[in-house]
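Student: Could we go through this one together? I'd like to look at the helices and the charged pairs.

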Amino acid sequence: MKLLIFEYATASGIDDPEIFLEGRSMLEALLTDFRDFDVEFLLSERFADMDIGAGFRPSIIGDLDEWLQENLEGFDACIFIAAEEGMELYRLTRIVEESGVLLLGSSGDAVRTCSDKRLTYRALDGRVPLIGTYEPEEIVDVPSRLIVKPADGVACQGIRILEPGDEPDLSGDMIIQDFIEGESVSVSLLSNGEKALPLSLNRQDIIMAGSELEYNGGSAPVDHEMREDAFTVARRAVESITGLRGYVGVDLILADEPYVVEINSRITTPYIGLRRVTEANLGHLILESVLGRLPSGVKFNGTASFRKGIDGMVVEVTEGFRGY
């Protein structure tokens, strides 16, 4: 199988420090997991001297969209990493779908739903516990703590907290949600488009800087008394949206029950840690799930913590917790 792999920031030349470190590390992880395939990967001219390591040689490109339009049909399959912000994940998904190449990821319709938090919440309403969500025009004052976030935001980018008595001052394509005290976690799953298999519960390291939130990494997999409840809610959320395939992440707040924050219809940062402690090859499992074959389970032999470093995500593995 001839496989194309790329990561949006490094392939398009966008040097955004908020996503660059995670994107580069996830690109390296995918290349390593698929090294037994006939792989080609892309780097922008801007990053032509970047050392990915592991002996991989990139194709140096100019405009990403032009390259894809001209070259995609020469591949059997494609897997890529991109964020929902600005509908980039959706746009690139549609390009791959229209080429007829096997996409190792979610369908365009599913990506569109998960890229807009309003559409996500409408699809999940009545199916899983959701956080109270409001449009900007519904907020005339701030009676209690609220969270303001972009409707197409990723990680903690653009999120800020409103305290009681603050001026709303809301602009842009934003949504407002109740602030729920609890633990920030995510669940990593594999899905074949209809059924989903929860793999791991992941702790998120989120810090508050003034009125803003910042994602700094996390650890995976972790144990928790609400793990099975979180798995049930995450699985139900993914199975509520037809077309979610491959690796999917569901962000949750664990409070009196697990509340869904968002669904990421793509590979998420915990992948770089999980692949280090699993007995299976997660890249191969993504391919199998897209082809309709979910494993009966996946075994982990430790916990991996990951945080932002100078050149990429720093991963540390510890023995101890053994799941699942």
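Tutor: Happy to. One term before we start: a helix here is a DSSP run of H or I with at least four residues, and helices are numbered from the N terminus. Keep in mind that this is a predicted model.

Student: Got it. How many helices and strands does the protein have?

Tutor: There are nine helices and 16 strands. The protein has 324 residues, and 55% of them count as buried.

Student: And of the contacts between residues at least 6 apart in sequence, what share joins residues at least 24 apart?

Tutor: That share is 66%.

Student: Let's zoom in, then. At what angle do α4 and α5 pack?

Tutor: At about 180°, with the axes 9 Å apart. Helix α4 covers residues 88–99 and helix α5 covers residues 108–115. The angle is over 145 degrees, so α4 counts as roughly antiparallel to α5.

Student: Which residues meet there?

Tutor: From α4 you have L89, Y90, T93, R94 and E97, and across from them in α5 are G108, V111 and R112. By class, this contact of α4 with α5 has three nonpolar, two polar and three charged residues.

Student: What about the next pair, α5 and α6? What are the angle and the axis distance?

Tutor: Helix α6 spans residues 117–124, and α5 packs with α6 at about 105°, their axes being 5 Å apart. That angle falls in the 65 to 115 range, which means α5 is roughly perpendicular to α6.

Student: And which residues make that contact?

Tutor: On the α5 side they are R112, T113, C114 and S115, and on the α6 side K117, L119, T120 and A123. The classes come out as three nonpolar, three polar and two charged. R112 turns up in both places: in α5's contact with α4 and in α5's contact with α6.

Student: Is C114 buried or exposed?

Tutor: C114 is buried, at 5% relative accessible area. C78 is buried as well, with a value of 0%.

Student: Switching to charges. How many salt bridges does the structure hold?

Tutor: The count is 14. As background, side chains of opposite charge can pair when their charged atoms come close.

Student: Pick one for me. What is the N to O distance between D65 and R91?

Tutor: The closest N and O atoms of D65 and R91 are 2.3 Å apart. This pair links distant parts of the chain, with D65 in helix α3 (residues 64–71) and R91 in helix α4, 26 residues apart.

Student: How accessible are D65 and R91?

Tutor: D65 is partly exposed, with a relative accessible area of 27%. R91 is partly exposed too, at 27%.

Student: Which residue joins D65 and R91 in a network?

Tutor: E88: D65, E88 and R91 are linked by a network of salt bridges.

Student: Where do E98 and R94 lie?

Tutor: Both are in helix α4, four residues apart, which is about one turn of the helix. E98 is exposed, with a relative accessible area of 58%, while R94 is partly exposed at 30%. R94 is also one of the α4 residues that meet α5.

Student: Last one. Which strand holds S44?

Tutor: S44 lies in strand β2, residues 38–44. S44 is buried, with a relative accessible area of 6%.

Student: What does S44 touch, leaving aside its neighbours within four places in sequence?

Tutor: S44 is in contact with T10, A11, S12, G13, I60 and I61. For I60, the separation from S44 is 16 residues in sequence and 5.7 Å in space, C-alpha to C-alpha.

Notes: Residues numbered from 1 in each chain as written. Predicted model: local features only at pLDDT ≥ 70, side-chain atom pairs only at ≥ 80, totals over all residues. Heavy atoms only, no water. Axes fitted to C-alpha atoms, helices over the stretch in contact; angles between N-to-C directions. Helix = DSSP H or I, 4+ residues; strand = E, 2+ residues; numbered from the N terminus. Parallel < 35°, antiparallel > 145°, perpendicular 65-115°, else oblique. Contact = heavy atoms within 4.5 Å. Nonpolar A, V, L, I, M, F, W, Y, C, P; charged D, E, K, R; others polar. Buried < 20%, exposed > 50% of the residue type's maximum accessible area, 1.4 Å probe, protein only. Salt bridge = Lys/Arg side-chain N within 4 Å of Asp/Glu carboxyl O.
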